[in-house]
Every structure is written in C-alpha cells, then in structure tokens.
Amino acid sequence: MPILNYIILSIALFSIGIVGVLTRRNAIIIFMCIELMLNAVNLLLVAFSKMHMNTAFKAGDLAGTAGTDGQIFVFFIMVVAAAEVSVGLAIIVMMYRNIHSVDVNFLNRLKQ
Amino acid sequence: MNITIIDILWWFLSVVAIFSALMMVTSKNPVYSVLWLIATFFAISGHYILLNAQFLAIVNIIVYAGAIMVLFLFVIMLMNLNKETEPQKNRWLKIAGALAGGCLMLILVAALKDAAAKEQVASVNQGNIGLIKNLGKELFTTYVVPFEISSVLFLSAMVGAVVIGKKE
C-alpha cells in the first residue's frame, strides 16, 4: 500500500479531531477528540515504521528489524495517553462538582 | 491495476474509520460519541493487523477500547450526562471551526502529496517487526529505562487522579 494513502488517511482523522475540538463545548467530547488525534498519529507512525522496514529490506537488511523503534514509540504514546486520561477525567469530574456542568464556556474565567 | 483483497480491506477500514470519526464529532448524545469512537479504534486496530503489527493491534483494543473508553463511559454515566443537554453554540462559530479544520487538512495534504517519500510503500501483510517477540526484545533491552520511567509516570498519574478526585 503506498505511504501516501496512509498519510492522507491520518491527516483526515487528525483534522476531524481538530474540528471536534473547535466546534464542541462538552469537555468530555473535546477530550475524546484529542484521543482521536493521538490515534491518527499512531497509525501514521506504524505505517512509517513498515515503510522503513521495506526500504531496509530492499537495501539488503534480511534480518528485518529496522523500523522497530516506531512501534515502540507508539507503545509509549499509548502509555502516556492512558496516564493522561486518568488525570484529565479526574479534572473533569472535579469541574462538574464545582460548577455542575461540563460546558467549557463556563470556564472562561478560571477563578470564580 | 488488479485489486487484491488487501486493497478492499484497506478501503473498507478507512471508510469505517472516517465515517465513525465524523459521527463521533457530530453526535449530540455523549454516549453515542463514545460508542462511535470505539468503532473508530476498532477500525484503526484493523489497520494495524493489516500492517502486521499484531502487538499494537491487541494493545490498542485492550487499552483504548477496553480501558480508556470504559472510563469515559463511567464518567458520562456517573455524571448523568447521557441526555442531550449540550447548549447550542453559535452557528457561525461551528462553521468557522469546520472551515479551519478543513483548511488545515487541505494545506497538509497539499504540502505532503509531493513529498520525497511519495514513491515509498508501506509493506502490508509481511515482516515480523510488529510481532511481540521482536518488540519485547527491543523493549527490554534498548528501551528498558524509558519503560521503567513510564511506571513512575503511571504511579504519579494514579496519585494525581486520587488527589484531584477526592472530596474536600
């Protein structure tokens, strides 16, 4: 599969995430759009790692471990995303307890 | 130009991913948004399997669709948000947001479609770098220090979540 297809697919998913962040007001949905953007980047990293493996294979690297680093990076991005979600959802729950809403427009002044 | 089963699967998974992502952004009910996002994650996991990255496909399903999205569902249901209460934003702001995202996509595509790597091919359905044997060996030799540091990150995230979520 040509790498350009993966690039365009990832850009499309990333842009959908951007549009979601810009147009929605529910803090939870904004958070989910951020997760979608992270996943678009992960998909592109995996595709690039396989592309790197393919070029190394053609150049004579028959053991074929080139490109492992990209997939390790995706693994670490998932680790950081899991930690981020736990803290972020705790912050959203705290915000709901204080202002009884998850609408981000109520947060235009953080100190009320 | 012969169409293989891999091409058909690739286009099917891509259409499913983009359609579910669009439905996720446009759904009024947050619970439906979570379910559509889970569908997107499954489509992306299908892409990983197509790229022969089985370890990441399984981890994506377990961590994202299994753990993170269930956490989102718990929060939405505990806060009783599963009704369509989101106040409507100004229509012009929505149009401006969609236009800004569309411009970003247009510019990125236009910039990258003539990139030097355009002729490269991501090898589909072959190669063993995505198998757990290779990744595990790499993770516990070259990347063992970041792996251990990530456990400290998890500990601090856990403590942070407990401290923030605690009642006064």
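The model is predicted. Chain A and chain B bury about 7100 Å² between them. A search of the whole structure finds two salt bridges over all chains. The count of disulfides over all chains is zero.

**Where chain A meets chain B**

- The contact draws 73 residues from chain A and 83 residues from chain B.
- Of the roughly 7100 Å² that the two chains bury between them, 76% is on carbon and sulfur atoms.
- On the side of chain A that touches chain B, the elements giving two or more residues are α1 (3-23), α2 (27-58) and α3 (68-99) of chain A.
- The largest share of that side comes from α3(A), with 25 residues.
- Sorted by class, the side of chain A that touches chain B has 50 nonpolar, 16 polar and seven charged residues.
- Eight residue pairs are in polar contact across the interface, counting pairs with both residues at pLDDT 80 or more.
- The number of salt bridges across this interface is zero.

**The two salt bridges**

- Over all chains, the search gives two salt bridges.
- One of them joins the side chains of R25(A) and D103(A), at 3.0 Å from N to O.
- This pair links distant parts of the chain, 78 residues apart.
- R25(A) sits in the loop between α1 and α2 of chain A, while D103(A) sits in the segment after α3 of chain A.
- R25(A) counts as buried, because its relative accessibility is 12%.
- D103(A) also counts as buried, at 6% relative accessibility.
- In chain B, D114(B) forms a salt bridge with K113(B).
- The closest N and O atoms of D114(B) and K113(B) are 3.6 Å apart.
- D114(B) is exposed, with a relative accessible area of 54%.
- K113(B) counts as partly exposed, at 41% relative accessibility.

- Why is C33(A) in no disulfide? The nearest cysteine sulfur, that of C103(B), is 18 Å away, and a disulfide needs two cysteine sulfur atoms within 2.5 Å.
- Seen from the other end, the sulfur of C103(B) has its closest cysteine sulfur in C33(A), and 18 Å is too far for a bond.
- C33(A) is buried, with a relative accessible area of 0%.
- C103(B) is partly exposed, with a relative accessible area of 44%.

- S49(A) belongs to helix α2 of chain A.
- Is S49(A) buried or exposed? S49(A) counts as buried, because its relative accessibility is 3%.
- A polar atom of the S49(A) side chain lies 3.0 Å from the backbone oxygen of V46(A).
- Leaving aside neighbours within four places in sequence, S49(A) is in contact with A66(A), G67(A), G70(A) and Q71(A), and with I129(B) from chain B.
- N26(A) lies in the loop between α1 and α2 of chain A.
- N26(A) counts as buried, at 7% relative accessibility.
- A polar atom of the N26(A) side chain lies 3.2 Å from the backbone nitrogen of I28(A).

- N52(B) is in the loop between α2 (30-50) and α3 (54-78) of chain B.
- The phi angle of N52(B) is near 65°, a positive value in a residue other than glycine.
- N52(B) counts as buried, at 13% relative accessibility.
- N125(B) is in the loop between α4 (91-112) and α5 (132-139) of chain B.
- Which residues does N125(B) touch, not counting those up to four places away in sequence? They are I6(B), L50(B) and N52(B).
- N125(B) and I6(B) are 119 residues apart along the chain, yet their C-alpha atoms are separated by 8.4 Å.

Definitions and conventions
Residues numbered from 1 in each chain as written. Chains lettered and ligands numbered in written order. Predicted model: local features only at pLDDT ≥ 70, side-chain atom pairs only at ≥ 80, totals over all residues. Heavy atoms only, no water. Buried < 20%, exposed > 50% of the residue type's maximum accessible area, 1.4 Å probe, protein only. Contact = heavy atoms within 4.5 Å. Buried area = accessible area lost by both parts, 1.4 Å probe. Salt bridge = Lys/Arg side-chain N within 4 Å of Asp/Glu carboxyl O. Polar contact = N/O pair within 3.5 Å; in protein donor to acceptor, adjacent residues only side chain to side chain. Helix = DSSP H or I, 4+ residues; strand = E, 2+ residues; numbered from the N terminus. Nonpolar A, V, L, I, M, F, W, Y, C, P; charged D, E, K, R; others polar.
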